[in-house]
Amino acid sequence: MKTMKWGAAAMALGLVHFAAPAEAAGGKTLEAVKARGVLNCTGHDGSYLGFAEVDDKGNWKGMDIDLCRAVATAVLGDPAKLKVVPISWAQRWPSLQSGDVDIIIKASGGTLSRDTELGLQFSMSYYLGTTKVMAHKELNLKSLKDAAGGTICIPAGTSQEQQVAAYTAKLGIKLEPVLIEKTEELEQAYFSGRCDLYAQWGPTLAIARIAKSKVDDHVILPDVLAVEPEVMIMRQGDDNWVDIANWTLSTLIFAEQEGITSKNVDEVKAKPTSPQVAKFLGVTPGMGKGLGLDDDWAYKVIKNVGNYGEIFERDLGKDSPYKMDRELTNLWNNGGVLFPLVID
């Protein structure tokens, strides 16, 4: 159990517990990754556009892949020390529990059953997404309630199955599910007309419509079936590894908040703008010791991968083919829900 640090009021009541200074940490997963020299992180069995896809030269790219690179850099100092393991949605949990992958970063939500029944632990949310439904425009549907009796394509082995079932039950309608695991096959089924509807994570629907150049032929219905926080997922029992995941994500967000980018990070490191930034970039000690990492690990992450905003725009936003808006996945001071942990 971690020691809680109480404030001045608790001190006045004599309730404070003084913890020993933190020594260099190091959980089993960190030790295994360092010994191996490579981080094993999830890819996709095909392409999950914008999040995990392979270009025409066989190189992986996307937001989830960039987050894998960020963790690899934090732990091993080099984003190239990453092995992307292509797995399906259903393979995620057994691959993690067996040790085939060290961490799941695969557009996966934090849910109660995954925590309490599967023995998983979550990071903070790196993307707040909604589950929505797309329909062929020619059906002239105004909302999902109008689709009673229709067919709906749903990715098999995902939380969308339960979300569709719960939402349609609430509406009092029945839909015929078509469950397909592989994203390309699922989209082919929908766009070929096998399904009237396609239930998916909202960003995936928007990207699929753009990628098929059929924006005018399909409408995303206004129904919001669920709001799901996408998280990095680890095995339970290794708090150090969970801390590393959380602080890696926080590093990306903190850098964007402070205006630190891959292009100016060396300049900021030479003249830190605050004591927190000096510690963050390894100018003064303390950023890495308690995690079992080097003190300049966060500097290396930003230098090699960029801050959160750079990653988003490169993979999903204005610098990508998909031109998506950040919406809720923006900083707290720009209308979104993302915020960093405090560096003290």
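The model is predicted, so local features need pLDDT of at least 70 and side-chain atom pairs count only at pLDDT 80 or more, while totals for chains, interfaces and linings use all residues. Residues are numbered from 1 along each chain as its sequence is written, and side-chain values use heavy atoms, with hydrogens and water left out.

**Nonpolar cores**

- The largest nonpolar core has 64 residues; such a core is a set of buried Ala, Val, Leu, Ile, Met, Phe, Trp, Tyr and Cys residues joined through side-chain atoms within 4.5 Å, where buried means under 20% relative accessible area (1.4 Å probe, protein chains only).
- Met-63, Tyr-127, Met-232, Trp-241 and Phe-280 touch the most other members of this core.
- Helix H3 (residues 63-76) supplies the largest share of the core, ten residues; helices here are DSSP runs of H or I with at least four residues, strands are E runs of at least two, and both are numbered from the N terminus.
- Leaving aside residues up to four places away in sequence, Met-63 touches Gly-50, Phe-51, Tyr-126, Tyr-127, Tyr-308, Ile-311, Phe-312, Asp-315 and Leu-316 (contact means heavy atoms within 4.5 Å).
- Another core, of 15 residues, lies apart from the largest one and includes Val-133, Ile-152, Ile-154 and Leu-221.

**The second largest pocket**

- About 320 Å³ of space lies in this pocket, the volume being the space filled by probe spheres set on grid points joined across faces, edges and corners.
- A pocket is an open set of points on a 1 Å grid over the protein atoms alone, where a 1.4 Å probe fits, with protein on both sides within 12 Å along at least five of seven lines; lining residues have an atom within 4 Å of a point.
- Thr-130, Gly-202, Pro-203, Met-324 and Glu-327 are the closest to the centre among the 18 lining residues.
- Strand S6 (120-136) and helix H8 (202-211) each give two or more residues to the lining, and S6 gives the most, with five.

**Positive phi angles**

- Ala-107, in strand S5 (residues 104-109), has a positive phi of about 40 degrees although it is not a glycine.
- Ala-107 is buried, with a relative accessible area of 10%.
- Lys-323, in the segment after helix H13 (308-315), also has a positive phi, near 50 degrees.

**Annotated domain**

- UniProt, in an unreviewed entry, places "domain: Solute-binding protein family 3/N-terminal" at residues 38-268; such annotations may be inferred rather than shown by experiment.
- The span 38-268 is 35% helix and 27% strand, with its end C-alpha atoms 29 Å apart.

Terms used: Buried means under 20% relative accessible area, exposed over 50%, partly exposed in between (1.4 Å probe, protein chains only).
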